[in-house]
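Keep the viewer open while you read.

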Amino acid sequence: MNFTRSAFLTGPAALFTLAMVSPAGAQDLQDRATTPPPPLETPGPSDPDQVQFSSGTLEYDQDADTVTAKGDVRMYREGNKLRADQVVWDRKTGKVVATGNIAVTNPQGDVAYGDRIDLTDSLKDGVVENMLVVLEQGGRLAAVKGIRDADGVITLRTAAYTPCSVTDSNGCPKNPSWKITAVKVVYRPDRDLIYFTRARFHLFGFATIPLPKLSTPVGDGAYSGVLSPEIRYSRTNGFEVAAPYYIRLAPNRALTVTPHLYSSVAPMVKAQYDALTTKGAYKIAGYATVSPKIDFLSTMPNVTKSAFRGYIDAVARFQLDPNWSVSGSLRVTTDRTFLRRYDISGDDRLRSTISLERIDANSYFGITGWATQTLRLGDRQGLQPIALPEIDYRRRIDDVAGGRVALQLNTLAITRTAGQDTQRAFASARWDLRRLTPWGQEVTLTAFARGDVYNADDIMATTVASYRGKSGVHARGIAALALDVKWPFVGAALGGTQRITPRFQIVASPPSGNLSVPNEDARAVDLEDSNLFALNRFPGYDRWEDSTRFTLGVDYALDLPGVAINATVGESYRLSSKPTIFPDGTGLSGRWSDIVGRTEVRVRDFVSFVHRYRLDKDNLAVRRNEIDMTVGSKKTYLLLGYLRLNRNIAPTLEDLRDREEARVGGRVAFAKFWSIFGSATIDLTDRAEDPASLSDGFDPVRHRLGVQYEDDCLRLGVTWRRDYQTTGDAKRGNSFLLTLAFRNLGR
């Protein structure tokens, strides 16, 4: 009998769960020509034991007692879908066989392909021949034969696995970057893990050493096991091998333990704990070893001794509710050269913080504290500030006399174990009114008032007199009025749009008692394009720019197809002839300021050029010359950087010392997936620019050069780095790093 119809077949048909995760045959990991079955167009059967199917023809052989469905057979059951050329059901033996261009999709989206599937009468157990499974979470399995038991566990023989792409950018077949072959593979879908027995790793088609036991997760799941190792060599520590072991404690908690083994020094261990909670996340990392170190505080700093050395790096942030949050960080090390010695960090200061904040649409409240550990060899730790607490409250009020009011309350306590202590509190109010005139001018009127109270102790411990302030309690009042006018002129130019905006600002502020209060946060002052029109050109709260000044400037913009040019230049003039509190060389100490500007050019996404400069008001000497340039695409690019600060500032002001340096970096993609990269930093400072500098005018700091291969599932590279400076027991010399990272491999 021949039928052409759609029908429901009753029975416990688990045919589809078998192929949905079964590896495919003959280790052929390439895509199959079969198209996966489409989604079900009509609602499925309510009975879980029913299978909905359709086919070109349906035949029943009464003598053999078999049912045969032919011609694009499609079967659906509980989210599982099957497509095959033919399905035969032997009603006497209970055997079900699907053959020809088989494609099966499970409810999770995994697609399995094969030539033949033999099932038992329970339709839960079976054998799969020449199967390929493309997993929804990434990766594919292929095998000569696969056996699925009633619990859904798949056991494969002569199998292969890869998470890599098997087609190139043009859709043509290609060999994966790496794969694993094994005599036996067990896939546990309940654990999302694949287990290999007598496995061998293949990289670029070449077999490597055998791996007796190996397991890997499916997709991006996190499971306990060994992660990709790191191999490096340095002159200080010799050969280094780091082998991280990841321990999954819970779905939201993990511990990674990384032994670092060296050929020249004692081992080091790193442990990192990560946790995610309903309110936020935190991470705690610690390093520990025992090795010789130099005691720079002793009378004989060259004497080395063996001691415990370590470092703690922790960070946390919790969002308590939509407005309140708490965050913090802890960075502490046992000595000043540990981080550089073991190539953990190049920082010269470590800052630990704690903060409680509340933020809404119109207000901010924060309680913050921080402490700093210096890693500079010449600094005294007792002079480093400890701020606890800083309390800051700000509120914005709209539509006050047509403008906007910003209120602020702030208090700060700074303590030093062997230096000056400072406490500060102030309250301020700022009113801004912005209007557009009928002639297109943008006019902003600002009124500002602030009252301060300071207390200072042990002021003589501060070596720079202008930073000390006066001992005891002192008050200060600040007031200012400002008028800022912009007048943009816009028109067509060179096929694009040109905008020229002259700008004028006047700020009037009566004298304030600046030198009677300490300077803790406004030391690194320098005239730049970013603060040319600022109400206060000091960077912090402890110094205020009083007197009356005029500032003139011009902003320029040209927008062309694919090209954008922006520039600004300006200068200010102070009415008062009295000496200012700005140090000489900052560009602000005279009645006329230096001329500052910025030019920025962008050509599509290929060229980015930024030039910042400051010209001496008297002789147009270049006091600041800073260039940052990027040329190229994401794969091939060149980075150039140059900075020269020639401000002639007294060497006693550490925060404002002159310097000169050049930076270069880049990457060249010379073949598909292959690239060469490098970078270098050169200290060009000499004694004329900074008397405290040890550079001779051309002193390389470090350079890096490497080659890297990176595709969708593999990153392989070798990097050579050379440090030219010795810092304690972190010696100058060469170091080499071998990077080998695999996507979705490990355990």
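## Ground rules

This is a predicted model, so local features need pLDDT of at least 70 and side-chain atom pairs count only at pLDDT 80 or more, while totals for chains, interfaces and linings use all residues. Residues are numbered from 1 along each chain as its sequence is written, and side-chain values use heavy atoms, with hydrogens and water left out.

## The big picture

The protein chain has 747 residues, and 43% of them are buried. Here buried means under 20% relative accessible area, exposed means over 50%, and partly exposed is in between (1.4 Å probe, protein chains only). The chain has 43 strands and 3 helices; both are DSSP runs numbered from the N terminus, with helices being H or I of at least four residues and strands E of at least two.

The largest nonpolar core takes in 44 residues, and V87, W178, V185, I194 and F196 have the most contacts inside it. A nonpolar core, for the record, is a set of buried Ala, Val, Leu, Ile, Met, Phe, Trp, Tyr and Cys residues joined through side-chain atoms within 4.5 Å. Click on F196 and, leaving out residues up to four places away in sequence, you'll find that F196 touches Y161, I180, A182, K184, V185, P212, K213, L214, S215 and T216. Another core lies apart from the largest one; it has 10 residues, including Y287, F338, L350 and L375.

T181 sits in strand 12 (residues 178-188). T181 counts as buried because its relative accessibility is 13%. Its side chain makes a polar contact with the side chain of H202 at 2.8 Å. A polar contact is a pair of N or O atoms within 3.5 Å; within protein, one must be able to donate a hydrogen and the other to accept it, and residues adjacent in sequence count only if both atoms are side-chain atoms.

Strand 26 and strand 27 (residues 403-415) run antiparallel and are joined by 11 bridges; strands count as paired if DSSP finds at least two bridges between them. Look for D392 opposite N410 in strand 27. The two strands make a hairpin with 2 residues between them, and A401 in the turn has a positive phi of about 55 degrees.

Strand 27 also pairs with strand 28 (residues 421-436), again antiparallel and over 11 bridges. L409 stands opposite A427 in strand 28, and the hairpin joining strand 27 to strand 28 goes through 5 residues.

R376 is partly exposed, at 26% relative accessible area. R376 and T727 are 351 residues apart in sequence, but their C-alpha atoms are 9.3 Å apart.

## One disulfide

How many disulfides does a search of the whole structure find? There is 1, counting a pair of cysteine sulfur atoms within 2.5 Å as a disulfide. C164 and C713 form it, with their sulfur atoms 1.8 Å apart. The link is right-handed, with 95 degrees about the S-S bond. C164 lies in the loop between strand 11 (154-162) and strand 12, and C713 in the loop between strand 41 (699-710) and strand 42 (714-723), so the pair ties together parts 549 residues apart in sequence. C164 and C713 are both buried, whereas C172 is partly exposed at 38% relative accessibility.

Most residues other than glycine have a negative phi, and most peptide bonds are trans. The peptide bond from L388 to P389 is cis, with omega near 0 degrees, and P389 is in strand 26.

T158 is not a glycine, yet it has a positive phi of about 50 degrees. T158 belongs to strand 11 and is partly exposed, with a relative accessible area of 38%. D343, also not a glycine, has a positive phi of about 55 degrees. D343 sits in the loop between helix 2 (338-341) and strand 24 (349-359), and its relative accessible area of 33% makes it partly exposed.

Key
Contact = heavy atoms within 4.5 Å.
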